[in-house]
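Okay, thanks for coming, everyone. I'll walk you through one structure today, a few spots at a time.

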Amino acid sequence: MLGAAEAEHAARVRAHLVAAIAAAGGWLSFERYMELALYAPGLGYYSAGARKLGPGGDFTTAPEISALFGACIAKQCVEVLAMLPRASILEIGAGSGRLAVDILRRLRSANCLPERYLILEVSADLRARQHACLCDSVPDLLDRVEWLDAPPAERFDGVVLANEVLDALPVRRFRWHSTGVEELGVALDGERMHWSATAASAETTRECRRLYAAASSAWDEGYSSEYCPRLGAWTREVTRSLDRGAVLWFDYGLPRAQYYLPERHDGTLICHFRHRTELDPFRHAGLQDITAWVDFTSLAEASREAGFDLAGFTTQTYFLAGLGIEQEMQAMAAGNADAAVRLSQQARRLMMPGEMGEGFKAMAWLRGLELELAGFRLRDLRHTL
Ligand SMILES: C[S@@+](CC[C@H](N)C(=O)[O-])C[C@H]1O[C@@H](n2cnc3c(N)ncnc32)[C@H](O)[C@@H]1O
């Protein structure tokens, strides 16, 4: 059941989407629908006031589960920051601010604080939540933190990082037939939104044929999936001003050959509403998160084109193990048996294959630096891309 304010918000979002579909002649691409449902000013899931993360929200992320995640990322940052005399960190999509707090705390204890901790965030309410979280937890470091509306204009050295942001970039849905490709979008039946197909453009058809060629075996008739046309442009844009340093991406996803396996015949699109998984992206529009897995091969192609060198690709489990999550646990527990049990339960959630361990990946890129990164030394999956 929706509360009165939620129901009223949902009605406004729906009216906006219905008007957009009508204005587009009765058919709107799913990519545009997802963009509006997540980012329409004052209405979209990320632009308006839904709680999103944590209890009372819709989903939980690794930093919300445990400070161990941020501590390990901070250790990875130390290796990069130590080589750069005046370095900054740019975090994209900082959620509740938890990850920023955990990274800054661990960097302070390593005596390796960045000059500035920049946060690029689209959501006004999450910005306010991040500010409050940093103010409560690391008030003495707040003067280093700066919120940005757009990627930094001036060049900087350091680290760019993001956890679970790429999966929110709008995707284009398609359906494969040997006779031609269809693009999936949304149409109206009265006020009801539903899936509707139209012949794909030449550009979409070309891209789908490329994905088909990368799949390990042939797709069946009617195979549906998605790809993210703006992944390359968006990642290039947010990393453009990094002169020397590393880019660290954390997200659920796969190399292309595994993403487009014939048995994954309906893609990876999924929604999150109050900690439940929803399959219908047209329900709860504006109130639920809509995401799709990341095609890490596509990310690799774009990052190489942007002049980065691939420094590592591995699972979250091996990333955390490579950075010594065991030692971090012992240090955080500080001999307290209850804390040790709690931390080891958290580590299991981050690392077990059935939880976040296998599905979530870590990927690192370097520009202007040569460096072996500890998070990627235990299991190298670069050859799978
Ligand atoms: C799923 S949450 C992850 C939050 C946090 N990184 C964590 O791991 O807890 C996605 C975050 O990215 C932000 N976001 C979504 N799209 C974005 C975009 N295009 N640019 C910048 N931030 C974005 C959201 O507002 C939110 O803070």
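Predicted model: local features only at pLDDT ≥ 70, side-chain atom pairs only at ≥ 80, totals over all residues.

So, let's start with Glu-31, which sits in helix 2. Now, is Glu-31 buried or exposed? Its relative accessibility is 8%, so it counts as buried. Leaving out residues up to four places away in sequence, Glu-31 touches Pro-170, Val-171, Arg-172, Pro-229 and Arg-230.

Staying with helix 2 for a second, let's talk about cores. In general, nonpolar side chains in soluble globular proteins tend to be buried together. Here, the largest nonpolar core has 68 residues, and the members that touch the most others are Tyr-33, Ile-92, Phe-174, Trp-249, Tyr-260, Ile-290 and Met-363. Which helix gives the most to this core? That's helix 2, residues 30-39, with 6 residues. There's also a second, separate core, made of 56 residues, and Ala-62, Leu-81, Phe-250 and Leu-369 are included in it.

For two packed helices, what you describe is the angle between the axes and the distance between them.

First pair: helix 4, residues 67-81, and helix 5, residues 98-109. Their axes come within 8 Å and cross at roughly 55°. The crossing of helix 4 and helix 5 is right-handed. Who makes the contact? On the helix 4 side we have Ala-67, Phe-69, Gly-70, Ala-71, Ile-73, Ala-74, Lys-75, Cys-77, Val-78 and our Leu-81. From helix 5 come Leu-99, Asp-102, Ile-103, Arg-106 and Leu-107. Sort the contact of helix 4 with helix 5 by class and you get 11 nonpolar, 1 polar and 3 charged residues.

Helix 12 brings Ile-325, Met-329, Met-332 and Ala-333 to the contact, while helix 13 brings Ala-339, Ala-340, Leu-343, Ser-344, Ala-347 and Met-351. By class, the contact of helix 12 with helix 13 has 9 nonpolar residues, 1 polar and no charged ones.

Now look at the loop between helix 12 and helix 13, where you'll find Ala-334. Ala-334 isn't a glycine, yet it has a positive phi of about 45°. With 64% relative accessibility, Ala-334 counts as exposed.

His-275 is another non-glycine with a positive phi, about 65° in this case. Where is His-275? In the loop between strand 11, 270-273, and strand 12, 276-278. His-275 comes out as partly exposed, at 44% relative accessibility.

Last stop is Ala-257, in helix 9, residues 256-259. Ala-257 has a relative accessible area of 34%, so it's partly exposed. Not counting residues up to four places away in sequence, Ala-257 touches Ala-214 and Ser-216. And back to Ala-334: 77 residues separate it from Ala-257 along the chain, and their C-alpha atoms are 44 Å apart.

Definitions and conventions:
Residues numbered from 1 in each chain as written. Heavy atoms only, no water. Axes fitted to C-alpha atoms, helices over the stretch in contact; angles between N-to-C directions. Helix = DSSP H or I, 4+ residues; strand = E, 2+ residues; numbered from the N terminus. Left-handed = near helix turned anticlockwise from the far one by under 90°. Contact = heavy atoms within 4.5 Å. Nonpolar A, V, L, I, M, F, W, Y, C, P; charged D, E, K, R; others polar. Core = buried A, V, L, I, M, F, W, Y, C linked by side-chain atoms within 4.5 Å. Buried < 20%, exposed > 50% of the residue type's maximum accessible area, 1.4 Å probe, protein only.
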